[in-house]
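Subject: Handover of a structure and notes on it

Dear colleague,

I am passing the structure below to you. My notes follow it, arranged by topic.

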Amino acid sequence: MDALEASMKISGAGLEAQSSRLRVVAENMANARSTGPVAGANPYVRKTVTFANELDRATGAELVHVGAVGVDRSPFRVEHDPGNPAADKNGNVKFPNVNILTEVADMREANRAYEANLQVMKQTRDLLTMTIDLLKGSQ
Amino acid sequence: MVEPVFLFDLVEKQRSWLSARQSAVSQNVANANTPGYKAVDVTSFSKVMDRSALELAGTNGLHIQTAAFDPRPSSPKDGANWETSLSGNSVSLEQEMMKAGEIRGAFSLGTNIMKSFHGMWMATLKG
C-alpha cells in the first residue's frame with residue numbers, strides 16, 4: 001500500500017477514536033444529574049475512555065483505537081434532598097461522580113486532537129493532489 | 001541535462017521518503033493520546049540514500065533481495081522528541097505540525113522541480 005494511502009487510513013482511525021471520546025464526554029455530561037431509579041440506588045457512573053495502538057498488518061502502521069470504556073470508581077456526590085424520589089431514608093441523594101469542568105476540559109482536548117488529525121489528512125490529500133497535478137503541465 | 005543527475009529517479013525517491021514520513025506523522029498524531037506510545041520518525045533522507053547505494057540485482061527468484069529503498073518509521077533516539085507526558089506518550093502535536101510543514105515544503109519543491117525539468121524536456125522535443 002502506498003504510504004500516503006496508509007497515512008489517510010491512520011488519520012481516519014485517529015478521527016474515529018477522538019469522536020468516540022467525544023461521544024463518551026457527551027454521555028457523561030448528559031447524565032451529570034441522573035440519579036438512581038429507586039430510593040437509595042446508585043446513580044449513573046462516569047465513563048472513561050482509553051486509547052490503545054494496534055499494528056495494522058496491511059500498512060505496517062500503528063493505528064489507534066478505543067481500548068476499553070471503563071468506569072470512574074471515584075465516590076458519588078451526596079446531597080441532602082429529602083424531597084427527591086431517589087433519596088434514602090436519611091434524605092440523602094447520591095449524584096453521579098461527573099464533574100462538568102473535567103468533562104469540558106476533556107472535550108476541548110478531544111477537539112484539539114480531532115483538528116490535528118483532520119489537518120494531517122488535509123495535507124496528505126494536498127500531497128496526492130500535487131503529484132496528480134504533475135500531469136497537468138505535460139500537454 | 002536530466003540523465004546525468006538521475007533527476008526523475010531522485011525526485012521519485014524523495015517523494016517516496018516524504019510519503020513514508022507523512023505516514024509517520026499521521027501515526028504520531030493519531031496516537032497523540034495513547035498511553036505509553038513512543039513517537040516515531042523516518043531516518044534522514046541522506047542516510048537512507050547512503051544505505052541504498054549498493055543494490056544487488058536478483059537474477060533468480062531464490063536470491064535474497066536487499067531492500068532497495070525502504071524508508072520505514074522507527075523510534076528516534078532519546079531527546080529527539082520535545083516532551084514526554086506522565087502517561088509515557090512522547091508525541092508533541094506542535095512538533096508534528098512542524099514536521100508536516102517541512103514535508104509539505106519539500107514535497108512541493110520536488111514536484112515543482114520535476115515539473116520544470118519536464119517542461120524543459122518537452123521544449124527540446126517540440127523545438
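At what angle do the axes of H1(A) and H2(A) cross, and within what distance do they come? The two axes cross at roughly 160° and come within 9 Å. H1(A) is therefore roughly antiparallel to H2(A), since an angle over 145 degrees counts as such. The crossing in which H1(A) passes H2(A) is left-handed. Sorted by class, the residues in the contact of H1(A) with H2(A) are 16 nonpolar, 8 polar and 3 charged. Please note that this is a predicted model, and that the values in this message are computed from it.

The contact between the chains

Chain A contributes 29 residues to the contact between the chains, and chain B contributes 25 residues. On the side of chain A that touches chain B, at least two residues each come from helix H1 (3-30), strand E1 (47-56), strand E2 (61-71) and helix H2 (100-133) of chain A. H2(A) provides the largest share of that side, with 10 residues. By class, the residues on the side of chain A that touches chain B are 16 nonpolar, 10 polar and 3 charged.

Helix H2 of chain A

H2(A) has 34 residues, which at 1.5 Å a residue should span 50 Å; the C-alpha atoms at its ends are 49 Å apart, so the two values agree. The buried residues of H2(A) are Ala110(A), Ala113(A), Ala116(A), Asn117(A), Val120(A), Met121(A), Gln123(A), Thr124(A) and Leu127(A). What do the buried residues of H2(A) pack against? They pack against H1 of chain A, and also against H1 and helix H3 (93-126) of chain B.

The packing of H2(A) with helix H1 (residues 7-30) of chain B has an angle of about 165°, and the axes are 9 Å apart. H2(A) is therefore roughly antiparallel to H1(B). H2(A) passes H1(B) in a crossing that is left-handed. From H2(A), the residues in this contact are Ala116(A), Asn117(A), Val120(A), Thr124(A) and Leu127(A), and H1(B) supplies Gln22(B), Val25(B), Ser26(B), Val29(B) and Ala30(B). The contact of H2(A) with H1(B) holds 6 nonpolar and 4 polar residues, with no charged residues.

With H3(B), H2(A) packs at an angle of about 10°, the axes being 10 Å apart. H2(A) is therefore roughly parallel to H3(B), as the cut-off for that description is an angle under 35 degrees. In the contact of H2(A) with H3(B), 7 residues are nonpolar, 4 are polar and 2 are charged.

Chain B and its helix H3

Chain B is built from 3 helices and 2 strands, which follow the pattern α-β-α-β-α along the sequence. It has 127 residues, of which 28% count as buried. Of the contacts in chain B between residues at least 6 apart in sequence, 72% join residues at least 24 apart.

H3(B) has 34 residues, and the distance from its first C-alpha to its last is 49 Å, close to the 50 Å expected at 1.5 Å a residue. Glu96(B), Ala100(B), Ile103(B), Phe107(B), Gly110(B), Thr111(B) and Met114(B) are buried in H3(B). The buried residues of H3(B) pack against H2 of chain A as well as H1 of chain B. Just after H3(B) comes Gly127(B), with a positive phi of about 80°.

Is Ser74(A) buried or exposed? Ser74(A) counts as exposed because it has 11 C-beta neighbours inside 10 Å, and the cut-off for an exposed residue is 12 or fewer. Ser74(A) is placed in the loop between E2 and strand E3 (77-80) of chain A.

Lys89(A) lies in the loop between E3 and strand E4 (92-95) of chain A. Lys89(A) has 8 other C-beta atoms within 10 Å and is therefore exposed. Lys89(A) and Arg21(A) are 68 residues apart along the chain, and their C-alpha atoms are 37 Å apart.

With kind regards

Notes
Residues numbered from 1 in each chain as written. Chains lettered and ligands numbered in written order. Predicted model: local features only at pLDDT ≥ 70, side-chain atom pairs only at ≥ 80, totals over all residues. Contact = placed C-beta atoms within 7 Å. Helix = DSSP H or I, 4+ residues; strand = E, 2+ residues; numbered from the N terminus. Nonpolar A, V, L, I, M, F, W, Y, C, P; charged D, E, K, R; others polar. Buried ≥ 20, exposed ≤ 12 C-beta atoms within 10 Å, placed from the backbone. Axes fitted to C-alpha atoms, helices over the stretch in contact; angles between N-to-C directions. Parallel < 35°, antiparallel > 145°, perpendicular 65-115°, else oblique. Left-handed = near helix turned anticlockwise from the far one by under 90°. Expected span 1.5 Å × (residues − 1).
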